[in-house]
Amino acid sequence: MNIQMCDLRGQYLKIKSEIDAAIQEVIDSTAFIKGKEVGLFQEELASYLGVKHVIGCANGTDALQIALMALDLKPGDEVITPDFTFIATVEVVALLGLTPILVDVDPSTFTIDAKRLEEAITPKTKAIIPVHLFGQCANMDEIMRLAQKYNLYVIEDTAQALGADYFHSDGRVSKAGTIGAVGTTSFFPSKNLGCYGDGGALFTNDDSLANEIRSIANHGMKVRYHHDRIGVNSRLDTIQAAILRVKLKYLDFYNKARIEAANAYDSALKPCSKIITPARAKWSSHIFHQYTLKLNNVDRERLQKDLAAKGIPTMVYYPIPLHKQKAFEPYREFNYGRSFQVSDFLSSSVISLPMHTELSADVIKYITETLLEALKD
Ligand SMILES: *Cc1c(COP(=O)(O)O)cnc(C)c1O
């Protein structure tokens, strides 16, 4: 058995002829930049998400940066993000001269703790970036309520949850990333909708914000060679868009495969007292970008070595919470003595098992049996 954290090759082989034809068509057209597939993919993704505008860009980090640039923010403004996420979420805040403010996460869903969020709001706070971590949405009803109360922008980092459903308390259902002012995503190969290189996108229902985003991503111009503001060069390649058009048709099927794998993991692992299986928030579907366990009094490093020796890879997302990252040192004073008990605990106790669209029942059985055996004392 050759077990991988993410089996991109197995996934490709099943749709090889469609993908190869789509790539070949772009090469034949030589429209490598801004070819017709980019516009078509943007329309198709917009219709899938039920959002007015989708704007492609070069990667998920750029998407976050462009979203912040499109909003009316000035240096020193505070932007709240969860402490337990990938660095990209706060990196762009700092790069733009804004002040990243970290907030601890909820111990069961690992998403930003809405209760602590309000405590972190100051007169300088201008935006919140909730991260829909590991495939499940943050508590958007509560976040939007606070955003309205304090007049804040919400940028949803949807890099890990494209296709997840958010269930509003009033019964409405929205796709992750379409609730705040802007949603961003990444098409990094291992994401739930991944391309064959780098790619990203922004979503919004706001026409003027969409125009601003398009212009920023294109050197700050609306009319060719008329630059209204400082922008960036961030495009989704035509080849990547062509690949994404093929894969978008399978996104629900892929997410379902992940959910089924997670359910199989759950039923095998739930009885073990040393493991806490992933919680499902009542307000969101969970599409399992990662399948992440909390370990209870287990030597994690040793467990990882034991599993690796049996051919089972594991990963720790994330081993160091942002407030302890060296790069974050200059911003520590802005944490105003807040506690990060939960993210500290999670970074020392979580472990992610292989999770992708090609996991067979046999492989899951082998992984869970080996894991349970390794946890026996
Ligand atoms: C992957 C990821 C990003 C960045 O995406 P890139 O395409 O690699 O730039 C941002 N935020 C989160 C939560 C991610 O998982």
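An N or O atom in the side chain of Gln160 sits 2.8 Å from an oxygen atom of the ligand, a polar contact in the sense of N or O atoms paired within 3.5 Å. The protein covers 91% of the 380 Å² of accessible area that the ligand has on its own (Shrake-Rupley method, 1.4 Å probe). Keep in mind that this is a predicted model, where local features need pLDDT of at least 70 and side-chain atom pairs count only at pLDDT 80 or more, while totals for chains, interfaces and linings use all residues. Residues are numbered from 1 along each chain as its sequence is written, and side-chain values use heavy atoms, with hydrogens and water left out.

**Around the ligand**
- There are 13 residues around the ligand, and Gly60, Thr61, Asp157, Ser186 and Lys191 come nearest (near means a heavy atom within 4 Å).
- Thr61 puts a polar side-chain atom 2.5 Å from an oxygen atom of the ligand.
- For Asp157, a side-chain N or O atom is 2.8 Å from a nitrogen atom of the ligand.
- The shell splits into four nonpolar, seven polar and two charged residues, with Gly counted as polar and Asp, Glu, Lys and Arg as charged.
- Two helices, α4 (60-70) and α5 (88-95), each supply at least two residues of that shell (helices are DSSP runs of H or I, at least four residues; strands are runs of E, at least two).

**The chain as a whole**
- The protein chain has 13 helices and 14 strands.
- Its radius of gyration is 21 Å, close to the 21 Å that the globule rule gives for 377 residues, so the chain is as compact as a globular protein of that length (C-alpha atoms; the rule is 2.2 Å times the number of residues to the power 0.38).
- Along its principal axes, the C-alpha trace spans about 70 × 55 × 40 Å.

- Tyr317 and Tyr318 are joined by a cis peptide bond, with omega about 5°.
- Tyr318 belongs to the loop between α11 (300-309) and α12 (341-349).
- Tyr225 is not a glycine, yet has a positive phi of about 65°.
- Look for Tyr225 in the loop between β10 (221-223) and β11 (226-227).

Key
A polar contact is a pair of N or O atoms within 3.5 Å; within protein, one must be able to donate a hydrogen and the other to accept it, and residues adjacent in sequence count only if both atoms are side-chain atoms.
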